[in-house]
Amino acid sequence: MIKILAGLTGLATLGLAVGTIAGPVPVYLPILSLAVLLVLLVADGVPLIKTRVPLVMRFLIGLFAVSFVALALVASANGAGLIPETFQPFLPQTGSSIISAILAIAHLAISYIPVIRRIAEMANPFFEAKDRSQLEMGIFGRWPMSLKALGLGLFGVIIVLNVIQVYLLVRFNFWYNVFYTALQDKNASVFWTQLLVFTFLATIWIIRGMTEAYLTGILKLHWREWLTERYMRQWLSDKVHYRLALDRKSTDNPDQRISEDVRDFTDQSFDFYINIFSTSLNLYAFVQILWTISAQFPYKVGGFDLSNVPGYLVWVVLAFAILVTYITHLVGRPLIPLQFGRQKVEADFRYNLVRVRENSEQIALLQGEEVERVGLLERYKAIFDNTLSIIYRNLKLTIVTLGYAQINAIFPLVLLAPAYFATESMKFGDLQQTSDAFTNVQSSVSFFITSYATLAVFKAIIDRLTTFDHAIEQADAARNDGVEVVPAKGVAAISGDNVDVRLPTGERLLNKLAFALRKGERTLVTGESGAGKTTLFRVLAGIWPYGKGRVTLPRDESVMLLPQQPYFPLGTLAGAMAYPLPAGTFSTEQFSKALEQVGLPQWSDKLEASENWSSVLSGGEKQRISVARAILRKPAWLLLDEATSAMDEENEGGLYNLLRQALPDTTVVSIGHRSSLAKLHDRRLGIVKGDDGARLEEMPLAALGNV
Ligand SMILES: Nc1ncnc2c1ncn2[C@@H]1O[C@H](COP(=O)(O)OP(=O)(O)OP(=O)(O)O)[C@@H](O)[C@H]1O
């Protein structure tokens, strides 16, 4: 696309050059056209600068290139006298084509600023996404289109709406002049006509504002949805979330990154760009107006006429704006670290409240409420201190901003008063118009000076997302780390060879294990606390990323692991029993029968009830339901990691017998400590701690004491 644009710009350059030689086209137009052509080529990646500018920036550069070519052609046609008198009032200002070219060049330049490039790169995948989507247009229905078309389309329209906004501001500025001069001259007819003009401009202003607010909201909504979905997919695929959690150094709070950071990124990066864009345009337009006004009115200081200095008002306003903004910055600067600190203390407080909620039973049993209350108050104290500092700082800032607002209301008038009183031709409207232009330039300049602070806050969000991206990449790349787990044809055992297991710290936990868990043979794994039994099961399940060696599994045979503390998702009991399969996989009869088999027939009535089952069910009930899951799933291999520890020996024996009857083809491998387990197994493997990691040894079942 950009190549076609470059071709068209090349043609336009030639045409403009011919026009210049022939006379009617000013010489700067073909020069600017050539510059725009070069910008397009560089953005697209010419041989010397191979990297292409990110799509979002290319799109904007393309947009400005198109507007430059169109405006330059119109200006040239006008120069050649081809545009009739009737259309003259509608022609864009002479400077419009220059500003388009400057914007194209400026966008190429800023796309090499690291933070801007990073934002654009992060935005890129969304604006390149081919996924189908629908643009929600209220009463105009839903329009199906690709995400790329939706993103770029809305972005383009919002840019145009911002150009219209600046255009309207300029129109209002001229309107001030005519309106106030009519008041001064007591010219009623102009006054009433100008009121009509005002109504017209104000109506467009409101419609434009509404449209922009709506389209911006929709664009951000789709962008956030897409980014959230992408992060969730990456986080939950290939057990990335588990490896991230194991490697705590790399990234904290993935939940916060996927929810708040993504929201802030999509929200703020868009606003940030649009603000910079419209402020630059605003600055350009009003500097032009002030420049023109400066030349119109003599301003004598002593014997010297200031209007001899080109654009003297522009220099005054720039000096004034820089001074005021600098003072604001000095007073307001400490707010930045305070706002940063605020995020942290608020998050700490919230996290501690959630911990109390999640552990409320333990806290109630241990009567720990007082300690918790004191701890929470301490956390809150940090919020209190931080907020107090913010209040004091804001107080100082308010003195500056309110004082400045008051000064600003009259400063331009005071500044211009001597010229106004001394110059007959200067009207009240001129004064109003100048004052308005003054305020516009001033606020644009201060926006640029203060936006570095926004950039600092914004950079923190980008950093958090970037480190998250890297952590996800690393965790994804580590997918094949650790012991290799290989499904093999024609084997009848889960066997390990030279299996070396390590902790995340690199320390060796299990040393060169060699074992075979034979099909149909009930094996009990024992070992003292912390010896590495659970970790051995993690290795067999293929999720432990630290270590090396090889485990072979019979191909096409499912392995299911029941932990000591089963996980229950929020939702119905049927959903929890079928997890991770959909509840509809099994019939109500199957669920009820499984519940009856594990000794919980009374829960059959509650199959469709939605509860937080983790806190509703007792420890023993949870373990029974976990066994019911296995009965429903009928795995070829069932690894029980102290999965019946909450039951007494008799009930535990009952469940083992049930498993034997209900799942006759399933091979059970258990971890356990109790001596009563001996009679429920055929063989025992003991993990014995050593100096350089533990070893796995064959042990007699009869010798099983309470390990
Ligand atoms: N994510 C982890 N990070 C650091 N160390 C870990 C991690 N997971 C386990 N460990 C350590 O590995 C060792 C073995 O843990 P594992 O849970 O496998 O022991 P276990 O034999 O099952 O113990 P228990 O009988 O008490 O359940 C322990 O010292 C534990 O602290």
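This is a predicted model: local features need pLDDT of at least 70, side-chain atom pairs count only at pLDDT 80 or more; totals for chains, interfaces and linings use all residues.
## Helix α7

Within α7, the buried residues are L219, H222, W223, W226, L227 and Y231. The elements that cover the buried residues of α7 include the helices α5 (114-128), α6 (147-184) and α9 (254-296), together with the strand β1 (132-136).

## After the end of α7

The helix α7 is followed by D238, a residue whose phi is positive and lies near 50°. K239, placed in the loop between α7 and α8 (240-246), likewise has a positive phi, near 60°, although K239 is a residue other than glycine.

K239 is classed as partly exposed because 18 other C-beta atoms lie within 10 Å, a count that falls between the limit of 12 or fewer for an exposed residue and that of 20 or more for a buried one.

## The loop that holds E642

E642 is found in the loop between β13 (637-641) and α20 (649-662), and its phi is positive at about 50° even though E642 is not a glycine. With 18 other C-beta atoms within 10 Å, E642 is therefore partly exposed.

## A cis peptide bond

The peptide bond that leads from Y579 to P580 is cis, and its omega is near 5°. P580 itself belongs to the loop between α16 (573-578) and α17 (588-597).

Definitions and conventions
Residues are numbered from 1 along each chain as its sequence is written. Helices (H or I, at least four residues) and strands (E, at least two) are DSSP runs, numbered from the N terminus. Two residues are in contact if their C-beta atoms, placed from the backbone, lie within 7 Å.
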